[in-house]
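Trainee: I'd like to learn how to read a model like this one, feature by feature. Can you walk me through it?

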There are 2 protein chains.
Amino acid sequence: MPEAVEGREAVELLERTRTVVNPRLRSTVESLPGSMRRVAMYHFGWEHADGTPAGGQAGKAIRPALVLAAATALGGRPETAVQAAAAVELVHNFTLLHDDVIDEDATRRHRPTAWTVFGTPDAIVVGDALLALALRLIADDDHPASSAASARLAACVIELCAGQQADCAFEHRGPQDVSLDECLDMAMAKTGALLGCACALGALYAGAGEEEVAAMDAFGREAGLAFQLIDDLIGIWGDPGRTGKPVGADLAAHKKSLPVVAALGSGTPAAADLAELYRAPMGAAAVRRAAEAVDLAGGRDWAQIHAADRMARAVDHLSRAVPDPTAAGDLLALAEFVTRRTS
Amino acid sequence: MPEAVEGREAVELLERTRTVVNPRLRSTVESLPGSMRRVAMYHFGWEHADGTPAGGQAGKAIRPALVLAAATALGGRPETAVQAAAAVELVHNFTLLHDDVIDEDATRRHRPTAWTVFGTPDAIVVGDALLALALRLIADDDHPASSAASARLAACVIELCAGQQADCAFEHRGPQDVSLDECLDMAMAKTGALLGCACALGALYAGAGEEEVAAMDAFGREAGLAFQLIDDLIGIWGDPGRTGKPVGADLAAHKKSLPVVAALGSGTPAAADLAELYRAPMGAAAVRRAAEAVDLAGGRDWAQIHAADRMARAVDHLSRAVPDPTAAGDLLALAEFVTRRTS
């Protein structure tokens, strides 16, 4: 089955999600005071830097789609979870704004990052405001799950921060001083936690019990780790025309992504070559050699196999939360979509 | 009556607040994951940079004291508002961490700022985590006011961000291009909003009605503006041994603080001198001349008179929220304490 057909269900689901969630997301962002609004509208792709309208669609909406699909899978009405879905997307974008400042990344979604356009102070402050907007959106919601959802989202943000901090700290350690377990923990905190939280919030808004909420959280976390593994592969071999990020940027930045750390720990000659390359600044040729070394050392295969393993775990958690395969269909389609982007 | 005696009531109130709130504040901060905890423990003054215990007391606790005093004044039990009080202090410290990064301030509470010790990424991420901790603390609270308090605190954070952004933007504008009204709006957002929110949260936790909550918020805001005016005076003429900030730092940084903007708009020859000084980098001698110019142009007197006026408005709001002067005594003592630090 060709990829276009295989992933069509998820693509349609994401489109429907954007149709439902983006108006709420946008009206929430538009409620910001003037000069913060301008930075946020640019970041989401709705405006150019000069404030004129732009046709951006504010990201793929994977996390909001998980919120709505989780609510639906557990018998809830997705329309009651729209504010929660928008809140999760606001939290995601808060992390993007701050991560881009911290990592000094210049490009995001094919455009210059907000800090390069408006300066670091504005990017920090508007990131803060998006986080506050997210938590206000849930607190303002009079759904009975609102309070539990607020606590869960706030706890998730703390985990996201810990993940981002670990990621930065790893960059200052030697090429072979970060273990794969540490790296997996970091990825679970930085990426898995928010996907898990999205699914858990959907479950909460469907009135699900503690066990179902926990299983949904675990589903999202494992799918999130699979997603991160694939994202790391894209960061080395992906198509910048599709991702909006330059190929090899993670290698040039000496980023200890999962395939890299797996390769570095392989004990192969290629691992030693890779470690050597990671000890000095890399030009384009060195980045190509580093990518080859990750492949030769088995980092690429490991990441693909490990992503499949995490997906299997995700499916297992999902079947506990939602025994009916038909009801679980949308969540499964989304999880498969995000982990099939390169293969 | 000597100052020491005059302010004794507030000093004792702040001490009692720290005794009640700091253990909760500290246990909340200690719940952070390892490396973020270390940065936060340093920032609050509980640990040295190397992780050994330090005797710091984590700030004066003016905002938590307002929460507890507001709750008490409206017939609530202050012990039910301890989490809210800790949450407000966490939000205050989130703003300090980020503002120090944004303003590149090197000193806070007589110690090197967190970003100078741990780097900008850690200061950003730990600031984010303190904000999330604050909102989690309130969301986890099963008090009936918790949900309204969450929404109010999140809305306040958005206002704080707008205030900080305006403050930064002003620094990039010419000496006479910022109006006093803009400057007052900025100070209300950056300082008044959180003091107002502290009082409003106390009122909410006492089960007060909308009008009392609004009057309490207005009391805190006006007292907060008076506090900011006094703080701005200290930033020019204050004693760095008491404040932990170098004298004249605001002038050297071309900060458009309220007395400066009032002076610049006075139409006096001293205003022209001050504008001239604000157009170039200032050494110690120029900073002294700028301080004299603010004084000569009437900025110092204006700030003192305006602070007294704001205090009168605060007292007026307070008397609407709490008609019984005995019940309002603690709030009044706190408001007078924060606005009497230099006079």
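Trainee: Let's start with helix packing. Which residues in helix 2 of chain A meet which residues in helix 3 of chain A?

Mentor: Keep in mind that this is a predicted model. On the helix 2 side of chain A you have R26(A), V29(A) and E30(A), and they meet R37(A), A40(A) and M41(A) in helix 3 of chain A. By class, the residues of that contact split into 3 nonpolar, 3 charged and no polar.

Trainee: And how do I read the angle between helix 2 and helix 3 of chain A?

Mentor: The general idea is that an angle over 145 degrees counts as roughly antiparallel. Here helix 2 (residues 8-30) and helix 3 (residues 34-43) of chain A pack at about 150 degrees, with their axes 9 Å apart. That makes helix 2 of chain A roughly antiparallel to helix 3 of chain A.

Trainee: Now chain B. At what angle do helix 10 and helix 17 of chain B pack?

Mentor: Angles under 35 degrees count as roughly parallel. Helix 10 (residues 210-237) and helix 17 (residues 325-338) of chain B pack at about 20 degrees, with axes 8 Å apart. Helix 10 of chain B and helix 17 of chain B are therefore roughly parallel to each other.

Trainee: Which residues meet there, between helix 10 and helix 17 of chain B?

Mentor: From helix 10 of chain B come M216(B), F219(B), A223(B), F227(B) and I230(B), and they meet L331(B), A335(B) and V338(B) in helix 17 of chain B. That contact of helix 10 with helix 17 in chain B has 8 nonpolar residues, with no polar and no charged ones.

Trainee: Let's look at an arginine. Is R310(A) buried or exposed?

Mentor: The cut-off for buried is under 20% relative accessible area. R310(A) comes in at 9% relative accessibility, so it counts as buried. This residue has its place in helix 16 (residues 299-321) of chain A.

Trainee: What does the side chain of R310(A) make a polar contact with?

Mentor: The partner is the side chain of E222(A), at 2.8 Å. Not counting residues up to four places away in sequence, R310(A) touches L184(A), M188(A), E222(A), L225(A), A226(A) and L229(A).

Trainee: How do I read backbone phi values?

Mentor: Most residues other than glycine have a negative phi. In this model, R109(A) has a positive phi of about 50 degrees although it is not a glycine. You'll find R109(A) in the loop between strand 1 (107-108) and strand 2 (111-112) of chain A. At 24% relative accessibility, R109(A) counts as partly exposed.

Trainee: And what is the phi of H254(B)?

Mentor: For H254(B), phi is near 55 degrees, again positive in a residue other than glycine. H254(B) is found in the loop between helix 12 (249-252) and helix 13 (258-264) of chain B. Its 18% relative accessibility means H254(B) counts as buried.

Trainee: Last one: by what turn and shift can chain A be laid on chain B?

Mentor: Two copies of a chain are related by a rotation about an axis and a shift along it. For chain A and chain B, the turn is 180 degrees, the shift along the axis is 0.0 Å and the RMSD is 0.0 Å. The two copies are thus related as by a two-fold rotation axis. The same surface serves both copies, with 100% of the contact residues of chain A recurring in chain B.

Notes: Residues are numbered from 1 along each chain as its sequence is written. Chains are lettered from A and ligands numbered from 1 in the order in which they are written. This is a predicted model: local features need pLDDT of at least 70, side-chain atom pairs count only at pLDDT 80 or more; totals for chains, interfaces and linings use all residues. Side-chain values use heavy atoms; hydrogens and water are left out. Helices (H or I, at least four residues) and strands (E, at least two) are DSSP runs, numbered from the N terminus. Buried means under 20% relative accessible area, exposed over 50%, partly exposed in between (1.4 Å probe, protein chains only). A polar contact is a pair of N or O atoms within 3.5 Å; within protein, one must be able to donate a hydrogen and the other to accept it, and residues adjacent in sequence count only if both atoms are side-chain atoms. Contact means heavy atoms within 4.5 Å. Axes are lines fitted to C-alpha atoms, for helices over the stretch in contact, and angles run from 0 to 180 degrees between N-to-C directions. Angles under 35 degrees count as roughly parallel, over 145 as roughly antiparallel, 65 to 115 as roughly perpendicular and the rest as oblique. Ala, Val, Leu, Ile, Met, Phe, Trp, Tyr, Cys and Pro count as nonpolar, Asp, Glu, Lys and Arg as charged, and the others, Gly among them, as polar. Copies are superposed by least squares on the C-alpha atoms of residues with pLDDT of at least 70 in both.
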